Structure formats: structure tokens, C-alpha cells
Amino acid sequence: MISRRKFLLAAATVSAASVAAYVARPYLRRRLLPELDITHPLGVLPDENMRDIVALGETIVAPESMPPVKFFQDYVNAVTQSQRGFLKEYVRAAGLLNRTSANLFEQSKTRNRFAELSPAQRDKVLQALIWRYSGSDLITPKIEKLMASRDALALRIFIMEPLIQHYYRSPYGWAVVGYLSFPGRPPLDPKAYTRPLDDKGSVS
Amino acid sequence: MKRAGHKDVPDVCIIGAGLVGGLMAYELARRGLKVVVLEAGPHHRLQDRVAYMMDIVSGRIPGWPFASNLPERDVYSNAGRVEYPVNHLRVKAVGGSTLHWGGQALRFIESDFRMKTLYGIAEDWPITYDEIEPFYTKAERALGVAGAADSPFASRRSADFPLPPFPFSAGDKIFQEACQKLGIVAHTIPWARNSVPYQNRPACAAFATCGAYRICPIAAQYTSEAHLDLAVATGNATVIANANVVRLITDRQKRITSSVYMNHDKKEDKQNARMFVLAAHTVETARLLLLSESSQFPHGLANGSGMVGKNFMERPAIAVHGTLKQQVYPYRIGFPTMETMQFCNPKNRHERAGTKLEFHNFWGPKPYGIAASSGNWGKALADEVRRSFGHDISVEASIEQLPDPGNAVSLDPHLRDYFGDPAPRITYSFSAYEKTSLKAAIKLAREVLAAAGAERSEDKASQGFAGHPMGTCRMGNDPATSVVDRDLRAHEVSNLFIVGGSVFVTGSSLQPSLTMAALAIRAAEKIAGGNT
């Protein structure tokens, strides 16, 4: 039998925890899902920031199917000029990448930008900011959301994930799996679907 | 398309510009009848479709194409044990749901029309397969159906398919071998999609967007825009878009004199005609009749039997997915090319529904889907995408549903639409017949996947609907138990014809569209006085 004293103590603890969780709810929500500042105006990303974002794009796509710089520039310009809040996030993302670059690689003032780093160094910067959780049951998106900084989360959610999606929807992304034609881009031979892909990995 | 001249009273006013509305418009207009078609939705121009498709595929426009341009108009409620998603596969636009339909154009089989006689369940249709067969042929020619008479389970046909079939895909060999192991005969699928150029429409170019994105950018797949254009070209037909019909008005002789419609600014207009054809989709057709109550029709227009809205049916469907070691080359064409009708007419059909199996090798996540759920980037992500892509297959099984008066479309007493009218309320559930049949279908699908060598198949099948609502205005010889007669004329309103899935007496495990088209062509001939 539980004593009355223990019962009251347990009840008080549960109640206090519930109140704390309720009070902290807005904070937790913001913490787990960064919000866009939709009061921030639309606009064009400054060139120096654009260079860093292009460098980010080149780091997160497949190296063997690299699109031209314009591929990234066009996408970023389309987003920052049509969706409120994103211009601010892109500027913040570039700032975060540069600060982390400077911390990791103590370079001269002219070479502490993310865009100036080697591909391997850029990857290390990302590893310092973003968790790799693919294939791991221990490191999950939920834990990352609780542990990572707001700007690191925003970098993943608002910048990296849409860029990756844009890439893998494009011909460059389909080429990663050997498809030269794909939904939206028909093959030269409409009956190509009746045959396997050829040995070279392209559409026969 | 120009606006109708309101001064001249046309012969026929068609409400709804979808599959059957478009066919009726052409069939009547080519015979010299003056026709006005009222369509609730907008007119999406075909010449914009490639760009529109690219916006959909690239994700610039989220969701499926041809979404409602007035969502507040398309509200509905559910009151049954199973929630029915009315708007999921319905398009309100010139072309209707053919703008993003799958395009399968199958004939029902003979037994589908005689369920009461053969199995002692449901009802017989007032017409037989033999009576509708010539109109199936006409419908196949109208829609341009590509197929082969290679299904030993199909009913007799008096003519070949107008277009050659689509050959099996590379990945279909996996299913073919699995079916052979199980003694299942698989065959091609008839499609209302051009395998070769036909009727001024190009052959399918394998854009591969029809299944995954529900849009054909070049109109190789049939849409009723084709027949609406032909109808307008006769000089006898006009199509009015954004015309939301809210009431049908009758005179003392119990004949409809006009349809009242609203535009998006809630400006009211009306269209007079001598004859009216209601082709507004199963749900809206019933709702419009119920909304058009009057002192002469206190329970709704043509509803003396109380059957308007009753016996709502669908084609419940499940999909079971599996993963193979080998590549299946998905997404190189947008539609399946193999299925089996072997289980559409089981011997124990009095207790087990007919079931059709389709074999899908355009399943599983696309590269961007894999990338989206990954926490990787760069080379590691590319390796993961390559490793994961292209190994998923799926077996989809759709079953027939029996008519049940308890499954119904009615007027919601509380929820109002954009125009202030009661929204449709769907009361829907499955009977034991459907529940046991769905379980059997899942088992069957798993057997095929196992025979195909699938390493695993998901424990829980995806339950859904094929997007084929039927019933609500059933046809029959007895005015006490049906809404329209065998010619689709309303028993109680002599100048009203109802076409589409709403008049079906029973469903089928097979897609209903070709039967809807065949019945519409037959009704058009009746309206035109047998002049073919």
C-alpha cells in the first residue's frame, strides 16, 4: 500500500510537471519547428551570401552529377523572391556556415568563408552543424530537434532539405539512378519502358 | 468556348462537362440538336498543359493537378462508419474527372448485370450485357481504347479494340512469372489512351506523369475535352464554364423549364431548355435533385421513390507493397500494363465479392522521396538513393461493393456551401460482404508478392477507394424502387435524363467509366430519337 504522504507527493509532482509542460509548450513548439519571419520582405540574396549557398548546394548533391552554378542560383532567387521569410533564412544560413567555418578552420580574413573551403572542409562544417541520422536508430530527427541550435535546425529544414529535394526532382537527381528520361521528360522511344535499362545505366 | 445565347431555347441543357457530359454533348450536337453545357468549374486550356505538368512535377504547384478553384463550394460531411473522401479524385472543370482519371476502359462482364438472378444478392440491371454490348463498341471507338482481347475472363465482344494494346513493361516479367507459379492468367489492360495517333490526338509519348502525377500533358490520354471541342465545332453546342447549377425549376406539367446557376461572384443566371441531362457526378447529381424540391416534388426532384441519394457505392481498393532484390525499373511509364480479371466472377460470389488485381511496378519512393526522408547529404545520400530506388512493387486489388440503401448521399442539415446551400452528407460503411472480401483480397495480393520473391510485404495494406462513386439514382423498371428507367429517363420527369455512375444498379470490381460512356451514348440515341 502506498502511503498517503507518498501519494500526495506523487500527485504534486505530476501536477507540477504538467503545468511546466503546458507553460513551456509554446517554447517547445518554436524549438522543435523554427518559424519563418514572414514580415521580412522578399528580395534577392546578396552575391557574397549566394556564393556560400551555392557552395552548400555543391556539397549536398551527388558529386558525380553536379549541376551548374546557375541551377542553384535560379532556385534560390525564385524562393527568396516569392516566399516571405526565406531571404532572411538564407542570409542567416550563410552567416552560420561562415561562423562555423571560421571556428573550425582558423584561416585568414579573406579565406574564412564557407565558399572558399575545399569540398572536404565544407563537409566537416556541415557535420559540425547537422546530424547524420540516416540508418541509425539512436540518432533521430526528434533528438536532433531537441539538441541542435535554432539556426542549425533552420539550416536543415529551410535551406538544405528543399535544395536536396529540388536537386533530386531535376534531371541531375534522376541521373543519379541512371535515368535520362523520367516523369516529365519522355524518352526518344516511347516503348523503352518494355526493356531494362542498358548496361551503361542509361535509358536504352 | 463562347457563352451561350440565352434568347434561343436550346434543345438540351447538359449539367456537367465530364466524361458523360462531353460525350452526350457531341452525340447530340452532331445529330443537329442545339446543346448548352453548364460546367461548375473553370476551363483549363490544353495548350497550357505541358507547362502546368512541369509545375506539378517540379513541386512548384503542390498536390495533385486541377484542384478545386472554389474549395468553399466543395465542402461535404461524413456521417457513416467509413469516411468517404468526396473531393479526392473528383475534378470540377471542363473535362471533369477525365482531366486526371487513370484511363482504364474496361467493359463490365455479363454477370455484373445479373447479380440477383445468378447469386441471389443485390439487384439485376434493367438491361443486359447483350443490350449494352454494341454501345461498348461505340464507346471504345469514341474514347480510343487501346487493348487486346487476351483476357479469357472478359465477356464476348463483337468488334476488335480500335487501337493496339500497350505491351507489358520490363518489370511485368516479375509478375508474369509469379502469376504462372500460382496458376493466375495475367493479361493486358485496355486503356483510353492512344497507343498510336487517333482522332487528332497523339500517341502516348511516355511522359510517365499520368499515374504518379495524374496528368497527361499532350492529351494522348482521353479527356472529355476532346468531345466537347468536337461538339462546339459542329456549331450546335456551347459550353459555359464556372456555372454552378443550384436548382432545377419545374412547371405544372412536372417538366423542367430551366436550371438556375451561379457564377463565382454569386451572380444568378438561368438556362432554359426543352430537355435536361444531369451528368454532374454521383454525389452532385443526387444533391442537385434533392436541392430542387418543390411543392410538386416535396422530397426532391424525381424522388417519389425516395431512392435519390440511396445505394451509394464505390470500388474499395487495397494495395499491398513488397520489396525485391532486383531492379524493377519503375516510373518509365505512368500506368500499369498487366492485370488479371480471373477473380472478378468467383463461384461463391454470393458471399465473396469479385476482385480485380493490378500489378504495379511504378511504386515506391522516387529519388526525391528517398532524399527527403534521409538525414544524409552528398555522396552518402547519393549512395543511399541508388541503393533504395527501384525495388518496390505493389499489387492493387479492387472489389465490388453491394448496393445498400443505408449508404447514401443526403443534404447536411447544418453545413452550407459557398452559395448557402446544404452541403452533401455522405453516409457510408462496409458490409460484412466487403469486409471479408477485402481481407481475402489482401491475402491474394500477398500470395502474388511472395511468389514474385518479395523479401517483405507490409503487414498492413493501404486501404482506399478507386475514386469511382456509383449509385444514388439507380435505373430500374419499377418507379417505386428506382429513379430512372432503362433508357435513363427520370420516371417522374419526362424531360430529364440522368447519366453517369449514379444510375448504376450494382458496381463491379472493374472500372465503371466505359460502362458510363456506353450508357451515355445509348441515352443520346434515345434522346435523338434513335437517329444514329
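Reader: Hi! Where is P119(A) found in chain A?

Author: Hello! This is a predicted model, and in it P119(A) belongs to helix 5 of chain A, which covers residues 119-129.

Reader: Is P119(A) counted as buried, exposed or partly exposed, and why?

Author: P119(A) counts as partly exposed because 13 C-beta neighbours lie inside 10 Å.

Reader: Let's zoom out. How many helices and strands does chain A have?

Author: Chain A has eight helices and zero strands. Along the sequence that gives the pattern α-α-α-α-α-α-α-α.

Reader: What share of chain A is buried?

Author: Of the 204 residues in chain A, 31% are buried. As for contacts in chain A between residues at least 6 apart in sequence, 62% of them join residues at least 24 apart.

Reader: New topic: how many residues of chain A are in contact with chain B?

Author: There are 34 from chain A, in contact with 39 residues of chain B. On the chain A side, helix 2 (47-60), helix 5, helix 7 (150-169) and helix 8 (171-176) each supply at least two residues.

Reader: Which helix of chain A gives the most to that side?

Author: That would be helix 7, with six residues.

Reader: And how do the residues on that side divide into nonpolar, polar and charged?

Author: The side of chain A that touches chain B has 22 nonpolar, six polar and six charged residues.

Note on methods. Residues numbered from 1 in each chain as written. Chains lettered and ligands numbered in written order. Predicted model: local features only at pLDDT ≥ 70, side-chain atom pairs only at ≥ 80, totals over all residues. Helix = DSSP H or I, 4+ residues; strand = E, 2+ residues; numbered from the N terminus. Buried ≥ 20, exposed ≤ 12 C-beta atoms within 10 Å, placed from the backbone. Contact = placed C-beta atoms within 7 Å. Nonpolar A, V, L, I, M, F, W, Y, C, P; charged D, E, K, R; others polar.
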